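Open the model in your viewer and keep the selection tool at hand. The tour goes stop by stop.

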Amino acid sequence: MSTTSLPASVRTPRLREALIAADFTADGLLERLGASAYAALARSETVPALRATRGGSPLDTLVRLFLLQRPVPTARAAAVLPLEECLEDGWVVREEDLVRATVDVRPYGGPEGQDWFIVSDLGCAVGGAGGIGSHEEGVVLGVGGASTTLAGITVRRPVDSALDLGTGSGIQALHAAQHATRVTATDVNPRALDFTRLTLALSGAAPADLREGSLFEPVGSQTYDLIVSNPPFVISPGARLTYRDGGMGGDDLCRTLVQQAGDRLNEGGYAQFLANWQHVEGEDWQDRVRGWVPPGCDAWIVQREVQDITQYAELWLRDSGDHRTDPAVYAERYEAWLDEFEARNTKAVGFGWITLRKSAAAAAGQPSVVAEEWPHAVEQPLGPAVEAHFARQDYLREHDDAALLAAHFTLAEEVVQEQVGLPGAEDPEHVVLRQNRGMCRATKVDAVGAGFAGVCDGSLPAGRILDAIAQLMAEDPVLLRDRTPQAIRLLVEEGFLEPAAGGAPLE
């Protein structure tokens, strides 16, 4: 792959019009290739897509040119593109009677059906011909699973200012441009800033303020309403590849990023990161990451996956293509990873999300810091669920047990009840409440909890409902009121119950 030149963006509107006219969009690709060939691209398998694009249509030409990195006849390129402009601006080059692309251009569907295009280095758009592997220093990747995960969990409320730290090919800046008045994008790699400029321009988005530098250095003491970052979080024995290796030892880069974010957030602002963290012998990972949370911030830390050090090393050795090198070189690099982990007493590596929110309550010494492990399926986009999580924390922080018993609640939408027990048994062994959206949580409840949740329609305060349940179950209502608020608190915290009229509704 070449990383020697980049296209100009002077005439991107005409190129954009040509791509859309040929139906070179996310929906158009799926319809043309079919689900099987489309899915194969994400696995870096190009044969099905090549077979599906043999017809020579304008869309076939663009798929082969920009996604599969195959040269196409000049006449076919001229029939679909403003070719002379693309040649002059450097999007393509001519080789005798053929034209080939200089960059990957991947169609990407925006959250409201927008036709966007992510520009990256050749072979580095996920779904492109090269896939992941054999990367050069300074290369800029396209959209991957981590990119879409961060985009999905980000809180999407209108804001004045947003910062995309470590922008890469610009996908987070592109999303932020839809709901932020001003977007700043930074990267230590100047090439990434050029790609972000191209991505925004080709997608028809407003330009961002592009700044070169590491971490928060390019923005100084400026503050923002939203900060997002998919940083080079890989814990590695060096800094061979800019896109993944942050150049700090262990998980220091992620820790530094999180700790420094608090001073760059406006009141009520969010900072959202993907991160890796070490699982150190004799240390609780939750305590480790909780220690990163800066003063004045609430936090929600979710560990999505844990890999032992051998799995982790093999994953990133494959990512960089080291498994295709000389076996002795591969073994040497594998040893270096294990030496690094041994020196740091690291037994495994966790991956997940960290969300900070600047709040007055946290500044007053009452932060809400939740760290949990959730490896189960979720329903994206999770941005609304993230915002609701912090609203629930505010509510619970402001309501003691007496206030909870006086409050009115409703059962959250799409919560179902499952009864678990032996077939034919008169009573279930236990009852499970399950969410079918957002975090898709499930929790066991006893008969009181199931009965309470089932009748929560907002019409009665919690204490009155418990009194009725006590009467039905021949229990002491005073004792039931004493022992139940903690269960109510948990159901509210995890989003099974929502405050209704009579309590402060969540925004």
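What follows is a list of selections, each with a note on what is there.

**Before you start**

This is a predicted model, in which local features need pLDDT of at least 70 and side-chain atom pairs count only at pLDDT 80 or more, while totals for chains, interfaces and linings use all residues. Residues are numbered from 1 along each chain as its sequence is written, and side-chain values use heavy atoms, with hydrogens and water left out. Helices (H or I, at least four residues) and strands (E, at least two) are DSSP runs, numbered from the N terminus.

**Stop 1: the largest nonpolar core**

Select Phe 273, Ile 354 and Leu 356. Within the largest nonpolar core, which has 73 residues, these three touch the most other members. Strand S10 gives the largest share of this core, 7 residues. A nonpolar core here is a set of buried Ala, Val, Leu, Ile, Met, Phe, Trp, Tyr and Cys residues joined through side-chain atoms within 4.5 Å. Buried means under 20% relative accessible area, exposed over 50%, and partly exposed in between, with a 1.4 Å probe and protein chains only.

Now show the neighbours of Phe 273. Leaving out residues up to four places away in sequence, Phe 273 touches Leu 150, Ile 227, Ser 229, Leu 257, Val 258, Ala 261, Gly 352, Trp 353, Ile 354 and Leu 356. Contact means heavy atoms within 4.5 Å.

As a general point, nonpolar side chains tend to be buried together in soluble globular proteins.

**Stop 2: helix H10**

Select residues 252–261, helix H10. Its buried residues are Leu 253, Cys 254, Thr 256, Leu 257, Val 258 and Ala 261. Which strands do the buried residues of H10 pack against? They pack against S6 (159–165), S9 (224–229), S10 (265–280) and S12 (346–358).

**Stop 3**

Select Val 105, in strand S4 (residues 104–109). Val 105 is buried, at 1% relative accessible area. Its contacts, not counting residues up to four places away in sequence, are Leu 19, Phe 24, Phe 66, Leu 67, Trp 91, Phe 117, Ile 118 and Leu 202.

**Stop 4**

Select Thr 61, in helix H4 (residues 58–67). Is Thr 61 buried or exposed? Thr 61 is buried, with a relative accessible area of 1%. Not counting residues up to four places away in sequence, Thr 61 touches Gly 56, Val 72, Arg 76, Ala 77 and Val 80.

Move to Gln 69, in the loop between H4 and strand S1 (72–73). Gln 69 is not a glycine, yet has a positive phi of about 55°. Gln 69 is partly exposed, at 22%.

**Stop 5**

Asn 345 lies in the loop between helix H13 (327–343) and S12. Its phi is near 60°, positive in a residue other than glycine. Asn 345 counts as partly exposed, at 35% relative accessibility.

Next, select Gln 380 and Pro 381. A cis peptide bond joins them, with omega about 0°. Pro 381 is in the loop between strand S13 (369–373) and H15.

**Stop 6: the second largest pocket**

Stay with H15 (residues 383–398), which gives the most to the lining of the second largest pocket, with 5 residues. The pocket holds about 480 Å³ of space. Of its 23 lining residues, Pro 384, Ala 385, Ala 388, Arg 392 and Arg 437 are the closest to its centre. The lining divides into 11 nonpolar, 4 polar and 8 charged residues. Here Ala, Val, Leu, Ile, Met, Phe, Trp, Tyr, Cys and Pro count as nonpolar, Asp, Glu, Lys and Arg as charged, and the others, Gly among them, as polar.

On a 1 Å grid over the protein atoms alone, a pocket is an open set of points with protein on both sides within 12 Å along at least five of seven lines; a cavity is a set where a 1.4 Å probe fits but cannot get out; lining residues have an atom within 4 Å of a point. Grid points are joined across faces, edges and corners, and a volume is the space filled by probe spheres set on the points.

**Stop 7: the second largest cavity**

Select Ile 153, Trp 300, Val 302, Trp 353, Thr 355 and Val 386, which line the second largest cavity. Its volume is about 40 Å³. Strands S11 (297–308) and S12 each supply at least two residues of the lining.
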